[in-house]
Structures are given as C-alpha cells and as structure tokens.
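Here is a short briefing for a reader who has not seen this structure before. Please look over the sequence and the model first, then read the notes by topic.

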Amino acid sequence: MQPILELEHISKKFPGVQALTDARFDMRPGEVHALLGENGAGKSTMIKIISGVHKPDTGDIRLDGQRVSFNNPREAQAKGIATIYQELSLYPELSVAENIFMGHAPRAMFGAVDWRTMKRRAAEILDSLQITDLDVEAKVGGLTVGKRQRVEIAKALSLNARILIMDEPTAALTEADVQRLFGIVRLLRERNVGITYISHRLEEVFVLADRVTVLRDGQYVGTDDVKNVTQDKLISMMVGRTIENLFPKLPTEIGKPVLEVRNLWRKPLCRGVSMTLRAGEIVGLAGLVGSGRSEFAQTVFGFTPAQDGEIILDGKPQKIRNPGEAMSKGIAYVPEDRGTQGLVRQMRIRENVSLAVLRSVSRGGFIDDKLEREMSQHAIRQLGIRAFSGEQVVNKLSGGNQQKVVVAKWLASKPKVLIMDEPTRGVDVGAKSEIHRLISELAQQGLAILMISSELPEVLGMSDRVLVMREGRIVAEFERKDATQENVVAAMMRESMDVTDAQPLRTAGD
Amino acid sequence: MSALPETKALDDAPSFSERLSSALFRQEGVLVLIGIVALVVLAFGSENFLTVDNLLNQTRFLAEIGLIALPMTYIIITGGIDLSVGAIVGVSAIMLGVSWQNWGLPLELAIVVCIITGVIAGLVNGLFIVRVGVPPLIMTLATLALYRGLAEGISESRSVRGYPDWFEELGQGSALGLPTQLWVLIIFAILFAVVLARTTFGRSLYAIGNNELGARFSGIPVGRNKLIIYSLSGLMAGIAAWIFVSRTTTTRSDYGSGWELDVIAAVVLGGTSIFGGTGTIIGTMLGIVLIQLLKNGLALTGVTSDATIVIIGSVLILSILINNYAGAIFGALTRRLRPTQRNP
Amino acid sequence: MAATAQPLVQAQRSRPASRFKLSSLLSQEVILALAIIIIIVVVGSVNARYVSERNLTSIFLGNAYIAVAAIGMSMVIISGNIDVSVGSLIGVLATLSGTLAVNGVPIWLSWVIPVFAGMLVGAVIGFFVAYLKIPSIVVTLGFLSILKGGLISITNGEWIRDLPDSFGLAQERPFGIPMPVYFMIVLTILAALWMRYSATGRAIYAVGGNKEAARLSGISEPRILMTVFILNGFFVGIASILFATQLEIIQTAVPAGVELLIITAAVVGGVSILGGTGTVIGAMLAAILLSAIGSALVFINVSPFWLRAVQGVLILMTVLADLLRRRRNQASLKG
C-alpha cells in the first residue's frame with residue numbers, strides 16, 4: 001500500500017540536545033500506527049515536525065510521494081495533517097460549532113460567518129463520528145475533558161484531515177471516554193484516515209494499533225506489525241542501551257531513616273505516596289512525564305502543601321506549608337526547570353547562590369558582602385563552576401554550569417534531605433559526570449538524596465533503590481541489584497503488576 | 001511530552017546587571033545631564049528660579065510626593081503598581097480633619113489616626129493582592145475610586161480649617177535652615193535606599209521582580225513581603241497627608257488627586273523598569289527632583305499648571321521608551337566591546 | 001511537570017456554560033437587569049418621585065453617553081488592556097466639536113470630525129501599546145495628563161456659548177425617546193453582535209484570553225490591539241458628541257470621574273478584567289444601573305459624594321466574583 005506520508009533521514013537538533021538522528025517514519029491510509037519510546041526518545045519532536053511546528057535540519061518529508069516542506073502548522077493543516085495535543089487548544093467562550101470551524105468558518109456575504117451552514121456541517125461531522133451527546137451550540141468551556149477531545153477530533157475532520165496525530169489521548173480520560181475514543185478511532189480508520197498514536201500505555205497499542213514504530217535516544221529502532229511483536233520485545237526495543245559505567249558510586253554507609261512519607265495526598269497528581277529515605281542513601285524516582293514525581297517532590301518541599309498524609313523527619317511528624325518551612329527543617333529541592341524555578345537569571349552567581357540562605361550571609365538583616373562572596377567562591381570551587389567570577393551573570397553560563405549554581409544554592413542551605421529533579425537534564429556529558437560525582441560525595445557525607453530522573457542509565461547507575469511512580473502512586477520498588485532497564489520501564493508503562501524479572505519489595509504504594 | 005531543555009530566548013534579554021548598569025550610567029547620567037540643562041534653561045526663564053529661597057521652597061512640595069515615591073519604587077520593582085496612593089492621601093487627610101474636628105480627638109491622636117488610615121488602606125490593597133490574587137492594577141484602580149469616594153463621602157466635600165500653630169511646624173517650619181519635611185524625606189530616603197540595596201528584604205524584592213516563581217522556590221516569603229510594601233505605600237501616603245495638611249492648614253477631600261501620575265513618572269524616570277526587576281532609590285529621588293524642577297521652572301515662566309501636566313505625562317511615556325529600548329541598545333553596544341563570556 | 005507546563009488554552013479561564021439551568025439564569029446581564037429593577041422598585045416605594053417619568057427618563061438618559069464609551073472600553077479590557085485617558089479625551093473632543101460649531105463649520109461635520117479625531121488618538125495610543133509594547137496603563141496614564149493639560153491650557157476652562165440651534169443632537173427626541181438612548185441601544189446591539197460573530201471580534205477575545213493560542217491560530221496581536229484602540233477612539237468620539245450636545249453650552253473642562261464611571265460600567269457589566277470574556281450588553285446595563293444608583297442616592301437623601309465609593313466597591317465585588325468563579329472552574333477541572 002502506498003504510504004500517505006513518509007519521513008526519511010530526519011535529524012533535528014535543539015540547543016544542547018540532539019533530538020532526532022536519521023530517524024524515519026511513515027503512515028499508510030486507514031492504519032493506526034503507534035509511535036513508542038521513552039521520555040526524550042524523540043517522539044514529540046517527530047510529530048512536531050510532521051505537523052509543521054518544527055522544520056527538520058536534514059531529511060525529507062513526502063506526502064503522496066511528493067516532497068513537501070511546512071513552514072508553519074497551518075501549511076500542514078492545509079495538506080490534511082491534523083494534531084490533537086495533550087493540552088487542548090480550544091476557546092472555552094465559544095461554542096462547539098465555532099471551535100470546530102475556528103479559522104475556516106463557512107462565509108456568507110460580506111465576509112460574515114454563515115451560521116446556519118456552520119452548525120449544520122458541525123452536526124454532520126459529529127454524526128459521522130457517532131457522537132450524539134454534543135450540542136453544537138454548547139459553550140466548550142462547560143464540557144468535560146472527554147467531550148472536548150471529541151470536539152478536537154471533529155475539528156480535525158472539518159479540515160479534511162487525512163492524517164490525525166494523537167499525542168497521549170487517553171492520559172486524562174475516564175474509562176468510558178477511552179472506549180468512546182477507541183470507537184471513534186476505529187471509525188476513522190474505516191474512513192481511510194491514518195492515525196499516528198502516541199501512548200505510554202502498552203496495552204492500548206495492542207488493542208488499537210496496526211503497526212508500531214519504536215524510537216530510542218532520537219534514533220529509529222524499528223517498525224513492525226503489531227501482531228508480530230510482544231510487550232517484552234517492545235520494551236527491549238525501547239530501552240536497549242548499554243549503561244554507561246561512568247557513574248562513580250562511592251561506597252557509603254546507609255544510616256537511619258531521615259525522611260518518611262506516609263500516604264501523602266495532593267490532588268491531582270499525588271495520590272497516597274509512601275516512602276522512606278535514609279541517610280547516605282540515593283533513591284532514584286523513575287516514571288513517565290506526568291506520573292507525579294515533581295508534584296510529589298514539590299509537596300514534600302511545601303511548594304504545593306499536602307492535603308493529607310504525613311511527613312516525618314527524624315522520627316518527628318512535621319507540617320510543611322511552604323518552602324521556607326521545608327528549608328528550615330533541612331529539606332532542599334533542586335527544581336526541574338532551572339530557568340524559571342531554580343535561578344533568577346538576570347542576577348549574578350553570587351546573588352543566586354545566596355538566594356535561599358540570605359539569612360546566613362547577613363547580619364541583622366543586612367547582607368554582608370564579604371560573607372556572600374566567600375560563599376559563592378566556595379560554591380564555585382566545590383562544584384567546579386566555570387565562570388569568570390562570582391560576579392558573572394547566570395544568564396551567560398552554559399546549562400551545566402547553571403545547574404551547578406542551582407545545586408550550590410541548595411547545598412548552601414545545609415540540608416539533610418536533598419531532592420533533585422532531573423539534575424542533569426540539558427547538561428553536557430562532562431558536567432553530567434561531575435554532578436554525579438558530587439551526588440555520590442554528598443551521599444557519603446550523610447545526606448539523604450531523592451533523585452528524580454527520566455534518564456534510566458542515570459537512575460540505575462546512581463541509585464541504591466529505585467522507586468517507580470505512575471499516575472500519582474508508587475507502583476514498584478527495586479533494590480539496586482534487582483533493578484534493570486526492562487523491569488523499570490515495564491513498571492512505568494504497564495497497567496498491572498505482573499512483572500516477571502524482579503521481586504518488587506512493595507506493591508503499589510497506596 | 002518532554003520539555004525542551006534550554007532555549008536561547010532569555011540569553012538575549014538584558015541581564016540584571018546590564019540593565020542596572022545601563023540604568024545607572026545611562027539613565028542616571030542622562031538624568032543629571034537633563035537636570036543641569038533644565039536648570040539652565042529654566043533659570044533663563046525666570047530670575048526667581050535659581051534663588052535659594054525658591055529652591056528650598058520647592059523641596060517642601062516635593063517632599064510629599066517624594067515620600068510616596070519611596071515605597072512605589074519597591075512596588076514597581078516587584079512588578080506591581082499602586083494607583084491608589086493619591087486617594088489614600090486624600091482619605092487620610094480627611095480622617096485627620098474629621099477625627100480632630102468632628103470626633104473631638106486631641107490633635108496628636110488625630111495625626112495618629114491619619115497615619116493609621118493610610119496603613120490600613122495600604123494593607124487592604126496588599127491583602128487582596130496577595131491573598132485573593134487580584135492583579136495590583138485592578139485592585140488599586142478600584143481602591144482609587146473607593147478611597148477617594150470615602151474621602152468625599154466622609155467629608156461631604158467640606159474642608160476643615162483652623163489648626164493650631166504648632167501643627168504647622170511640620171509643613172511650614174524649618175530646622176537647621178532646611179524645611180522640616182525635607183529632613184523627613186531625607187531620613188526616609190536613606191532608610192529606604194539602604195534597605196533596598198543592602199538588606200535581605202531588598203534583595204528579595206529584586207528577586208520577586210525578576211522571577212517571582214524562582215523566588216518562591218527559593219523559600220523567599222513572597223506574599224509577606226508584598227504585604228509589607230503595599231502597607232508601606234499606605235503608611236507613607238498617610239505621612240505625606242499629614243505633612244500636606246500641616247503645610248496648607250486645611251483638609252480637603254481632593255488632596256492627592258493626580259499624584260499617582262507624578263509619582264509613577266518620577267519612579268520610571270529614575271530608571272526603574274515598569275516591568276520590574278531593576279530600580280534604585282537614588283534614581284527615584286533624582287526623578288522626583290527633576291519633575292519638581294520642571295513644574296516649578298515652568299510655572300515661574302508663566303506656564304500654567306495644566307500645561308505642566310502635559311509635560312509630565314509626556315515625560316512618563318518617554319521615560320519608559322528610553323527604559324525599554326536604551327537597555328537593549330546599551331547592551332548590544334557594550335557586548336560588542338566586551339569579549340563574549342559565554343562558555344562553550 | 002505541572003508547574004512548568006503551559007496549556008495552549010487554559011481551559012479553566014472561562015465562565016462555565018450553562019450546564020445547570022440556575023447558573024445560566026444568573027449570568028451577569030441578568031443580574032444587572034434584576035438589580036436595576038430592584039432599585040427602581042425599592043427606591044420608588046420609598047420616594048415616589050423616583051419613578052416619575054421625568055426621573056426614569058433621566059436615569060436611562062443620564063449615562064447613555066457613558067454606555068456608548070463603555071462599549072469601546074469593554075473591547076479594550078477584553079483584549080487585556082485598559083484606558084484611563086478616556087475622560088480627558090471626551091473633554092477634548094467635546095470642546096473640539098463645540099469650537100467647530102461656533103466657528104461656522106457645518107453642523108454634521110462638527111459631529112463627525114471629533115469622531116475621527118478620537119480614532120486618531122486611539123491609533124496613537126494603540127501604536128504605543130501594540131508596537132512599542134508599553135503597558136497600556138502607563139501610556140493612557142500619560143495621555144490622561146497630556147490631553148487634560150493640553151485642553152485646559154488652551155481653553156482655560158471657558159464655556160463655549162452661542163452654539164447653533166441645530167447643534168443639539170443629544171437633545172433630539174425622535175418619537176419621544178431621547179437621541180442618546182437610541183445611540184446607546186443601537187450601538188450596543190451592533191457591537192455585541194460584531195464582537196460575538198465576526199472574526200475580528202472573536203480574535204479580540206482570543207488575544208485577551210490566551211495570546212499563544214491566538215498566535216497559533218494566525219492572529220496578529222499588534223493588529224488586533226491597534227484595531228481595539230482605534231475602535232475605542234471611535235466610541236469615545238461618539239460619546240463625546242452626545243456629551244457635548246446635551247446642553248446649550250459646553251464647559252471645556254474634563255468632566256470629573258468620567259473614566260472611572262466608564263471603566264466601572266465595563267467591569268461591572270461583566271467584562272473580566274483578566275481579559276478574554278464578557279459582553280458589551282452587560283456594560284450598557286451597568287451604566288444604567290450606575291445612573292440608577294446615583295439618582296437613588298439623591299432621592300433617599302444620601303450624599304451623592306458616596307457615589308464614587310460605591311463604584312469602587314462594585315468594581316471590587318465584580319472582580320472578586322470573577323476570581324472566585326475562575327477558581328471554582330479550575331478546581332472542578334482538576335479534581
């Protein structure tokens with residue numbers, strides 16, 4: 001069958017990261033083609049290239065055999081490629097019909113909108129999808145997530161989409177809505193619409209998809225018919241990397257529990273999490289994007305205080321209502337997004353390093369320049385920050401060095417518990433291993449470290465224990481010796497807990 | 001969908017220190033330059049301008065606006081705004097008059113009432129902005145109406161007169177050759193400047209203005225600090241009201257009307273970015289002085305006060321333009337002169 | 001990742017469509033209409049002269065020009081901006097109109113030219129906001145002074161007398177209904193339809209509600225903002241004609257507190273100050289309500305000086321209600 005869409009030799013680089021290298025993908029009419037891969041494998045870059053948001057650095061895109069190039073999403077839409085993102089792009093104030101025809105409403109005289117035709121055609125599209133519970137005049141703002149998604153799908157059809165890209169469509173849906181979605185997908189398939197389906201729920205791939213393509217580290221691994229593969233095979237395609245054995249893990253004595261969390265709740269993404277962290281221990285927290293890891297960490301840190309559950313430090317239950325209280329009790333959180341959460345980029349290194357601990361570099365409220373300078377010199381030395389001096393503005397530093405400044409800032413608060421959220425994201429290899437060495441040293445000095453990371457080699461190489469979160473709960477725990485890439489990924493993605501390789505120490509943490 | 005690591009977008013924006021130094025060296029430098037030019041021009045306009053008497057007298061007027069401009073600098077640095085300051089002055093002044101004349105309180109107590117009114121008014125602003133989340137623009141626009149309305153309603157637009165002599169000391173007296181209120185302004189200005197530049201509180205304001213989220217993540221008590229600055233704004237307005245009444249020995253409900261324009265213009269003229277994140281008290285004081293000089297000089301050359309506000313309004317818009325674009329231009333120029341500091 | 005993810009459109013920022021009949025009954029417009037009726041009834045029973053034909057007419061008539069200006073202001077606020085200079089502009093344009101008329105310019109021109117002048121001023125303001133990216137509060141704060149100061153220094157607040165007889169547009173009463181009321185109702189309805197159904201109108205909502213989504217839909221934010229401010233100038237121009245022609249003389253000063261009245265009408269009318277939602281019909285009703293309240297204060301012997309305080313409270317109440325509504329939406333969508 002002649003493919004509608006073909007992408008070949010696609011490469012794409014962003015500052016600091018090679019998102020795709022010589023990758024390929026194709027779509028046939030009337031097929032559901034699943035695109036799989038871990039976080040950072042390149043799936044979202046690929047679909048953004050298909051939908052015209054990005055242009056590839058190299059490679060060809062061919063539509064019906066003809067080479068095409070999209071300068072913006074509208075051009076791709078015009079050629080029949082529609083995308084439904086996780087974050088919906090509807091206008092809540094406007095009606096279903098208006099949203100469906102946003103940007104291409106049927107016109108009458110003088111450019112006015114032809115309302116009757118628009119409503120009629122909207123109703124027709126909904127009918128063709130067997131959607132009978134949507135009123136075309138209802139305001140989108142009042143609809144449930146499931147209904148809004150159906151409006152998005154109708155919108156794509158109104159553009160005569162031949163290819164529909166769905167990115168994690170079931171992530172926010174109820175079971176009933178998921179089934180409705182599957183029904184619609186099947187209908188579309190019958191109408192020869194090609195559907196590119198991204199999902200982390202492997203069971204959905206087997207239910208819906210005809211073919212599956214796997215990407216890993218920005219590279220193309222393989223494509224096969226779904227009936228020819230098993231879950232295990234897919235998982236091993238997704239993770240098959242060798243672990244870099246450059247992770248300096250120093251022998252450390254693991255002490256008593258420093259932090260204990262019991263049944264911590266903070267809706268919507270922290271649903272009854274329990275765990276323990278001991279002095280000198282490095283616990284890796286793995287999970288997919290959206291599994292609730294950062295939310296959990298931010299709840300422990302008091303940024304989004306807990307609604308229920310207990311936080312116990314050194315055996316004593318604590319109430320943590322804001323980051324200030326967390327800090328004073330010895331908890332530090334190095335945030336995921338260093339640009340917006342970790343640093344004040346317009347300020348200097350010295351000012352950033354002291355930001356969380358201004359009290360300790362000041363006397364009676366007045367900042368002591370000398371103390372502050374000493375603190376920043378110490379930080380620069382301890383972490384090997386490459387900069388002219390502590391006076392350099394943080395904006396001008398490389399990603400790795402910026403990350404070190406954030407870490408330095410939190411080390412200055414002399415924490416007992418250090419939570420690091422994606423500590424080496426966007427950091428070059430050299431700085432990465434320096435940061436890893438630092439983490440080991442800190443553990444050796446007795447800090448209890450919780451390391452949230454989407455990079456499996458990092459998690460497996462550094463952790464004494466690995467916890468896996470999924471949809472707000474801890475679903476698996478592995479000791480260092482039992483953790484492998486396969487069983488961690490399986491835990492991240494699988495619905496149920498029938499893991500074969502390792503013995504989970506605990507089942508779901510609720 | 002994984003987030004993209006690092007984008008270049010922020011690298012090209014002027015950094016904090018670049019903006020600061022461009023503000024200091026360019027804006028302040030320009031200000032002083034303009035100030036000198038203005039002095040010369042205005043001096044030609046009227047022979048009364050450059051007399052010690054006149055200049056000292058002018059400081060009486062600028063003290064009131066100057067006091068309010070101090071916390072306004074803090075507020076604008078954090079990215080907020082307070083449009084209600086003029087109205088707070090009005091209602092505080094009225095409360096002074098009302099509590100003295102209608103309630104029969106001793107004048108000393110009435111002064112306290114005046115100042116407390118200001119603090120409460122500012123605190124209300126702060127509470128709604130911080131706890132409820134009303135954007136500062138809207139909140140202070142609403143309280144601009146509310147407080148002015150209260151002033152008008154309580155006083156029924158009648159004015160109060162007849163204050164005792166000692167009361168006038170503050171507004172009309174002198175100490176060591178300088179008007180009393182000038183001393184008050186100088187003392188407060190020094191206080192505010194030192195706090196802003198050298199204390200943890202001041203540092204936190206810059207952090208909030210540059211990256212409020214980052215400040216929160218760093219454990220800075222953002223909400224508490226914002227409450228403090230809005231209350232300060234009310235406090236200084238209350239004090240300014242006291243000085244004003246003392247100077248004019250009457251209380252009227254339209255006091256402070258239009259002051260927000262002068263204050264904000266002065267703050268922006270002095271180099272504080274309307275978007276927040278940079279600013280100094282020195283700059284604001286220079287701005288205040290310049291604006292007062294302008295007003296006075298123009299008045300002495302026969303320009304009406306109405307025409308003067310045309311100038312002030314234009315100054316406001318022009319300062320922001322310079323602020324916005326000078327920083328980028330300055331940064332671009334100096335980047336070419338300095339070796340690149342970016343690490344590979 | 002929730003802390004950093006930016007949804008393309010924050011679905012939470014809206015008023016919920018009427019899933020429950022009750023909440024649709026309580027739309028802002030309905031509340032306002034009810035409030036007007038309640039005040040008329042209550043005050044009327046306390047003081048019968050309140051509901052005399054003359055007073056009722058004056059209630060609807062009194063703020064008609066405010067309602068017209070509030071149409072433009074609503075658009076400005078929906079787009080996420082504000083304009084505090086409208087009061088000064090009304091003063092300037094009213095003076096312009098009167099001056100033209102007494103100097104022999106054909107009457108219709110002396111009505112039309114100020115409208116174009118208003119659009120011109122709007123274009124200048126729009127340029128500063130849309131292309132020079134200066135916050136609208138500051139630009140219009142500056143213009144407030146520039147226009148006000150300019151006006152008074154040129155005219156000294158003198159009164160314009162000897163206006164030609166046919167000048168009094170606002171004094172006409174076709175079929176017994178005052179002309180300004182026609183303007184108010186017709187313009188409001190036209191504007192409401194336009195905002196709701198035209199592409200540009202919806203683009204204004206989009207820009208105010210979510211800039212990113214608007215940009216991805218191909219909407220040019222600077223062009224929409226320019227349009228908004230020019231339109232605002234247009235409506236202010238018409239309002240100033242209505243204002244200028246209501247009496248036999250024109251005072252060439254800026255009517256006090258007008259911009260606040262206009263902003264209050266828009267905000268209380270349901271135009272959310274956070275941008276992106278609201279209608280102009282509510283603004284018209286709110287203008288009438290404010291007029292009714294102002295008149296009521298007189299008739300129940302409360303000092304009219306409290307009117308401004310009432311405006312401030314009304315703004316606050318409306319904003320609070322809006323905030324609460326949005327927060328409730330957010331919570332229900334997350335839970």
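Ala82(A) stands opposite Leu164(A), a residue in strand 7 of chain A. This is a predicted model, in which local features need pLDDT of at least 70 and side-chain atom pairs count only at pLDDT 80 or more, while totals for chains, interfaces and linings use all residues. Residues are numbered from 1 along each chain as its sequence is written, and chains are lettered from A and ligands numbered from 1 in the order in which they are written.

- Strand 6 (residues 81-84) of chain A runs parallel to strand 7 of chain A, and four bridges join the two. Strands are DSSP runs of E with at least two residues, helices are DSSP runs of H or I with at least four, and both are numbered from the N terminus.
- Strand 7 of chain A is also joined to strand 8 (residues 194-198) of chain A, by five bridges and in parallel. Two strands count as paired if DSSP finds at least two bridges between them.
- Asp167(A) stands opposite Ile198(A) of strand 8 of chain A.
- How many of the five residues of strand 7 of chain A are buried? Five of the five, residues 163-167, are buried, so this strand is largely enclosed by the rest of the structure. A residue is buried if 20 or more other C-beta atoms lie within 10 Å of its own, exposed if 12 or fewer, and partly exposed in between, with C-beta atoms placed from the backbone.
- Both faces of strand 7 of chain A are covered: Ile163(A), Ile165(A) and Asp167(A) are buried on one side, and Leu164(A) and Met166(A) on the other.

**A six-stranded sheet in chain A**

- An open sheet of six strands in chain A has the order 16-19-20-13-21-22, with mixed pairing. Its edge strands are strand 16 (331-334) and strand 22 (473-479) of chain A, each of which pairs on one side only. From one strand to the next, the twist averages 20 degrees.
- Strand 19 (residues 417-421) and strand 20 (residues 448-452) of chain A pair in the parallel sense over five bridges. Here Ile419(A) stands opposite Leu450(A) of strand 20 of chain A.
- Helix 17 (residues 485-493) of chain A lies across strand 13 (282-287), strand 21 (465-470) and strand 22 of chain A, and runs at about 25 degrees to strand 21 of chain A. Axes are lines fitted to C-alpha atoms, for helices over the stretch in contact, and angles run from 0 to 180 degrees between N-to-C directions.

**Backbone details in chain A**

- The peptide bond from Lys267(A) to Pro268(A) is cis, with omega near 0 degrees. Pro268(A) is in the loop between strand 11 (257-266) and strand 12 (270-278) of chain A.
- Asp217(A) is not a glycine, yet its phi is positive, near 55 degrees. Asp217(A) is in the loop between strand 9 (211-216) and strand 10 (219-225) of chain A, and with 16 other C-beta atoms within 10 Å it is partly exposed.
- Asn263(A), also a residue other than glycine, has a positive phi near 50 degrees. Asn263(A) is in strand 11 of chain A, and is partly exposed with 14 other C-beta atoms within 10 Å.

**Chains B and C**

- Chain B has 13 helices and two strands, and 55% of its 344 residues are buried.
- Chain C has 14 helices and two strands, and 53% of its 335 residues are buried.
- The axes of helix 8 (residues 179-197) and helix 13 (residues 280-299) of chain C come within 8 Å and cross at roughly 155 degrees. The two helices of chain C, helix 8 and helix 13, are therefore roughly antiparallel to each other, a term for angles over 145 degrees, where under 35 is roughly parallel, 65 to 115 roughly perpendicular and the rest oblique.
- Ser52(C) is in the loop between helix 2 (28-46) and helix 3 (53-62) of chain C, and counts as exposed with 12 C-beta neighbours inside 10 Å.

**Confidence**

- The model scores ipTM 0.79 and pTM 0.77.
- Chain C averages a pLDDT of 81, and 87% of the residues score at least 70. The pLDDT is the predictor's confidence in each residue, from 0 to 100.

Definitions and conventions
Two residues are in contact if their C-beta atoms, placed from the backbone, lie within 7 Å.
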